[in-house]
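Me: I've just opened this one and I'm new to it. Can you walk me through what's there?

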Amino acid sequence: MLRHEEKYPVTPEQYRQLRELGRQTLLQDPHTIDGIYLVRSLYFDTRQGKDYQATMDGALSRHKMRLRTYGTDEQFYRLEEKYKKYGLSGKRDSLLTSAQAHAVANGSYVDLAQITPYGPRLAKILQRDSYRPALTVNYWRDAFYLPEDDFRLTLDWDIAYGAPEAFWQPEQSLAPDPESPIVLEVKYLTAPPAWLTKTLEEIGVELGQNSKYCRGIQKLYEGRMSI
């Protein structure tokens with residue numbers, strides 16, 4: 001299902017206001033602990049940085065490939081194709097075992113063809129364009145939602161980047177990015193709630209482009225297109 005996805009850089013004070021608003025107005029994601037959880041993603045790209053360049057160019061149709069885990073649960077991994085089509089966002093994903101996740105992180109995609117529901121598609125993309133592990137992104141997330149209109153509001157903070165191996169060794173290999181803004185993401189099917197639009201205007205939050213992946217690539221590779 002395609003939906004709108006908007007990103008806003010926010011200041012620490014705006015973050016505190018939005019977090020309090022979320023706790024008073026919205027439902028907390030049931031997977032959080034005290035309203036937050038840890039997200040760690042291993043992104044894949046071609047040697048030439050195909051997905052990085054498409055994002056930087058603002059291509060209306062593009063995708064990113066990533067392996068994701070949450071918190072410290074090393075038994076839960078999800079391989080995802082996060083894609084945009086004419087400005088709307090969607091996701092295709094398959095759950096992996098720990099052994100399958102390690103194989104994918106090592107650049108082995110053969111076994112994905114046996115995984116449902118999207119394993120064959122994910123394997124085809126990764127193999128066809130010779131994708132390789134490129135970047136680890138790690139951050140904490142406040143997550144809120146409303147079932148109406150599939151509305152979701154998240155706040156991502158304490159963002160850190162690292163080489164691909166940091167996905168398995170975050171304590172030793174991740175580098176915090178103190179200059180990164182806190183990122184507000186708003187997702188919905190038809191329209192954001194009117195009260196949210198009014199609140200963002202009142203506290204001075206403005207729509208912006210903030211790709212954690214692109215920022216991490218720039219940090220790790222210093223803008224080089226060879227990944």
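Me: How far apart are the mean positions of the positive and negative charges in the protein chain?
Reply: They're 5 Å apart, taking 30 positive and 31 negative charges. Keep in mind that this is a predicted model.

Me: Ok. What does the secondary structure come to?
Reply: The protein chain has seven helices and ten strands.

Me: And what does the C-alpha trace span along its principal axes?
Reply: About 50 × 35 × 35 Å. The radius of gyration is 17 Å, which agrees with the value near 17 Å that a compact globule of 227 residues would have.

Me: How much of the chain is buried?
Reply: Buried residues make up 48% of the 227. As for the surface, the chain exposes about 11,500 Å², and carbon and sulfur atoms supply 51% of that.

Me: What share of the contacts join residues at least 24 apart?
Reply: 68%, counting contacts between residues at least 6 apart in sequence.

Me: Let's zoom in. Where is Tyr-37?
Reply: Tyr-37 is in strand S3.

Me: Buried or exposed?
Reply: Tyr-37 is buried, because its relative accessible area is 11% and the cut-off for buried is under 20%.

Me: Which side chain does Tyr-37 have a polar contact with?
Reply: The side chain of Arg-152, at 2.9 Å. Leaving out residues up to four places away in sequence, Tyr-37 also touches others, including Tyr-70, Tyr-139 and Trp-140.

Me: Switching to Lys-82. Where is that one?
Reply: Lys-82 sits in strand S5, residues 77-85. Lys-82 counts as buried because its relative accessibility is 16%.

Me: What does the Lys-82 side chain pair with?
Reply: A polar contact of 3.1 Å joins it to the side chain of Glu-5. Beyond four places away in sequence, Lys-82 touches Glu-5, Arg-62, His-63 and Lys-64, among others.

Me: Last topic, helix H7. Which of its residues are buried?
Reply: H7 runs over residues 212-221, and the buried ones are Lys-212, Tyr-213, Cys-214, Gly-216, Ile-217 and Tyr-221.

Me: What do those pack against?
Reply: Helix H2 (50-56) and several strands: S3 (36-45), S4 (62-70), S7 (132-146), S8 (151-162) and S10 (182-188). S3 is the strand that holds Tyr-37.

Me: And what comes just after H7?
Reply: Glu-222, which takes a positive phi of about 55°.

Notes: Residues numbered from 1 in each chain as written. Predicted model: local features only at pLDDT ≥ 70, side-chain atom pairs only at ≥ 80, totals over all residues. Heavy atoms only, no water. Buried < 20%, exposed > 50% of the residue type's maximum accessible area, 1.4 Å probe, protein only. Helix = DSSP H or I, 4+ residues; strand = E, 2+ residues; numbered from the N terminus. Contact = heavy atoms within 4.5 Å. Polar contact = N/O pair within 3.5 Å; in protein donor to acceptor, adjacent residues only side chain to side chain. Rg over C-alpha atoms; globule rule 2.2 N^0.38 Å. Areas by Shrake-Rupley, 256 points an atom, 1.4 Å probe, with all protein chains shown as cover. Lys, Arg positive; Asp, Glu negative; His and termini not counted. Charge placed at Lys NZ, Arg CZ, Asp CG, Glu CD.
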